[in-house]
Amino acid sequence: MASLVSEHPSLAAARDASVPPGRARLLDAMARVVAERGYAAATVADVVRAAGVSRSTFYEQFASKEELFLETYRHGVDVLVTRVATAVADAPDWRSELRAGIRSYLSTLADEPVFARAYLLEVHAAGPAALDARAAALARFAARYRTTFAQAHRERPERRKPPAAALLVLCAGTEQLVAERLRGGGRPNLKGLEDVFCDCAESLLNGPADAPPATRT
């Protein structure tokens, strides 16, 4: 069964039977092997075996296991971001937009456990470049929250505007909660985290009811 990585637009041609699908197979195999064995234990031999391609095909496409993992990760994030953007497109108000985006994010990870493990767990073992890719992914989701919160602010200008660092904390914290569920094994109820995520986001937007006025330092 293919992972969501294979939905990336750059691989559309590889789904045509007339085009050699080696690259798409390798990306999808990387996600599966890493989910099963972990990044550190996964080898090029494991990946080419799972992909059903030769070792020479691998090195025609990628210089290393790390390069393949990074492309797999980034492709998956692109698809995940696109699904969230599609889900929020027709939302009538900011709360509906917030919930639709969170629901899409959680549903995708729940339905795509192979990618979810690579995205949330194994990325930490894949080296500095992978951590940079993770930081870039968090920034993209923080920007998604910023767009939703901007709509909330337009409706009620007195609402606070969370700083960029706080949005990153929101994304990293909720991501960590999903990661902990995945680390437990099995098929955790990720979709059940929807209300928790929404509460965290709205709390950041609204702030504590008795918060003192901000002071300059």
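1. Let's start inside the fold: leucine 109 is found in helix H5, where helices are DSSP runs of H or I with at least four residues, strands are runs of E with at least two, and both are numbered from the N terminus. This is a predicted model, in which local features need pLDDT of at least 70 and side-chain atom pairs count only at pLDDT 80 or more, while totals for chains, interfaces and linings use all residues. Residues are numbered from 1 along each chain as its sequence is written, and side-chain values use heavy atoms, with hydrogens and water left out.

2. A word on confidence. The chain has a mean pLDDT of 87, with 88% of its residues at 70 or more; pLDDT is the predictor's confidence in each residue, from 0 to 100. Confidence is lowest in H9, with a mean of 91, and highest in H2, at 96.

3. Now the overall layout. The chain has nine helices and zero strands, and its pattern along the sequence reads α-α-α-α-α-α-α-α-α. Among contacts with a separation of 6 or more, 69% join residues 24 or more positions apart; a contact means heavy atoms within 4.5 Å.

4. Back to leucine 109. At 1% relative accessibility, leucine 109 counts as buried. Leaving out residues up to four places away in sequence, leucine 109 touches Leu80, Phe115, Ala116, Tyr119, Leu120, Val178 and Leu190.

5. In soluble globular proteins, nonpolar side chains tend to be buried together.

6. Phenylalanine 69 is worth a look on screen. Setting aside its neighbours within four places in sequence, phenylalanine 69 is in contact with Met30, Val34, Tyr39, Ala118, Glu122, Val123, Ala126 and Ala130.

7. Beyond residues up to four places away in sequence, glutamate 97 touches Val88, Ala91, Arg144, Thr147, Thr148 and Gln151.

8. Two of the helices, H6 and H2, can be read by what covers them. In H6 the buried residues are Phe115, Ala116, Ala118, Tyr119 and Leu120, and their cover includes H1, H4, H5, H7 and H8. In H2 they are Val44, Asp46, Val47, Val48 and Ala51, with a cover that includes H1, helix H3 (55–61) and H4. Glycine 52 follows H2 and has a positive phi, near 70°.

9. H9 passes a simple length check. Its 13 residues should span 18 Å at 1.5 Å a residue, and its end C-alpha atoms are 18 Å apart, which agrees; the expected span is 1.5 Å times one less than the number of residues. Buried in H9 are Glu194, Phe197, Cys198, Ala201, Leu204 and Leu205. Seen down the axis of H9, its buried residues fall within an arc of 130°, so they line one face of the helix; the arc is that of the directions from the helix axis to the C-beta atoms. Their cover includes H5, H7 and H8.

10. Leucine 167 lies in helix H8 and is buried, with a relative accessible area of 1%. Not counting residues up to four places away in sequence, leucine 167 touches Ala142, Tyr145, Arg146, Phe149, Pro162 and Leu204. Leucine 167 and leucine 205 are 38 residues apart in sequence and 9.7 Å apart in space, C-alpha to C-alpha.

11. Finally, the cysteines. The count of disulfides is zero, taking a disulfide as a pair of cysteine sulfur atoms within 2.5 Å. Cysteine 198 is buried, with a relative accessible area of 3%, and cysteine 171 is buried at 5%.

Definitions and conventions:
Buried < 20%, exposed > 50% of the residue type's maximum accessible area, 1.4 Å probe, protein only.
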